[in-house]
Amino acid sequence: MQSRTLQNPQSLTCLCTHISTSRAELQSPEGEWDCLRLILSLHLNLLKMDLCFDLRSLIPSLDSVAILMTFLTYLAIAGSILPGKIVPGVVLADGTRLHYRCNGLLTLSLWIVLLAIGARMNFISATVISDRGLELLSTSCIFSVLATLLLYVAGCRSRSKGTSLKPHFTGNLMDDWWFGIQLNPQFLGIDLKFFFVRAGMMGWLLINLSVLAKSIQDGTLSQSMILYQLFCALYVLDYFVYEEYMTSTWDIIAERLGFMLVFGDLVWIPFTFSIQAWWLLHNKVELTTATVIANCIVFLVGYMVFRGANKQKHDFKKNPKAPIWGKPPKVIGGKLLASGYWGVARHCNYLGDLLLALSFSLPCGFSSPVPYFYPIYLLILLIWRERRDEARCAAKYREIWAEYCRLVPWRILPYVY
């Protein structure tokens, strides 16, 4: 495997140096800053190695504002009117439950078709995002700040007593802004939490596709770029095929909507997860056949574990008697699933997530640490999150959790950790 760097002083791989907070996993004041310091340290090291750019390219333009607002407006309209499966959310503390229109796959497909038609008719450029990457990054950051300030003000004015809209104050202004004060704020009938995470996942794919178009235009399309694009496209499309599973995740059912989630969805996901695409745009990596096969195996195993574990958990929550791997599920204390992947490791879904993140970076070779920012960050974050989850579950389930730990001793990777 050989790598050579294409000389380009405007290299957009510098994206990763401007993202300095974590996404939704940073869920407690105690662990938040420790994890953040590790990430910032990594940013600084990467900056010293091989990242440089013109700071003026970070200044938002009217074009970048128009692009972002057009995208969000389309999502709001299409998400509200296009047909889709109506999925009931979890029952909230006040006995109510939200219902989500899961039409993300149709919304995304239609948007890509419209963009393709617009590019074909020369209404827009297929490289409009890659040409304005840093402008869009800073615009998204500013929008996240403004949106969460409005959410805070709206929450302060809310007189609702319902679980979704009742404001929750800690007395600390920064904590309330960071974590949010309302569980499920809405705008014109749109659930903003579900809306923003959808925008982040679609934004990631749109950035990748624009970078792909740029590489074709520049004549630098490589096998590595194709492999990375294929893995990410499959991952994002799979997300929207199983979009209803998102309704039972911790972020949706328990996190209030503040800067942490909004920034994570609109900035962290699309711009951090696409670092590999930006890097491959300016670096050509030659992959051997054996390397390609190995990379595909890592992706497939990661996908199998990640999707399988999350599906088992989702199905168990809907029907605790649903068979797992063709057998009746083993349940501890009537609450904890100890069958399937959840009988292999207590956080087996994290292993799948890590393998997928690694598969996104392996096409970049090993000549630079920049493309490995995402899997390194995710490893640090998931280990921290696993420790936090263990403590929370031990306090919540007590003897039941202790029995589960005896039955399933491995945390993430069997026989290793």
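**Exercise 1. Determine what share of the chain's residues is buried.**

Solution. Start with the cut-off: buried means under 20% relative accessible area, exposed over 50%, partly exposed in between (1.4 Å probe, protein chains only). Then apply it: of the 417 residues in the chain, 53% are buried. This is a predicted model: local features need pLDDT of at least 70, side-chain atom pairs count only at pLDDT 80 or more, while totals for chains, interfaces and linings use all residues. Residues are numbered from 1 along each chain as its sequence is written, and side-chain values use heavy atoms, with hydrogens and water left out.

**Exercise 2. Describe the nonpolar cores.**

Solution. Define the term. A nonpolar core is a set of buried Ala, Val, Leu, Ile, Met, Phe, Trp, Tyr and Cys residues joined through side-chain atoms within 4.5 Å. Take the largest: 88 residues, with Phe71, Met201, Trp204 and Phe360 having the most contacts inside it. Helix α7 (residues 192–218) gives the most to this core, 14 residues. Helices are DSSP runs (H or I, at least four residues), numbered from the N terminus. Next, a second, separate core has 17 residues, including Val305, Leu336, Trp342 and Cys348.

Note on methods
Helices (H or I, at least four residues) and strands (E, at least two) are DSSP runs, numbered from the N terminus.
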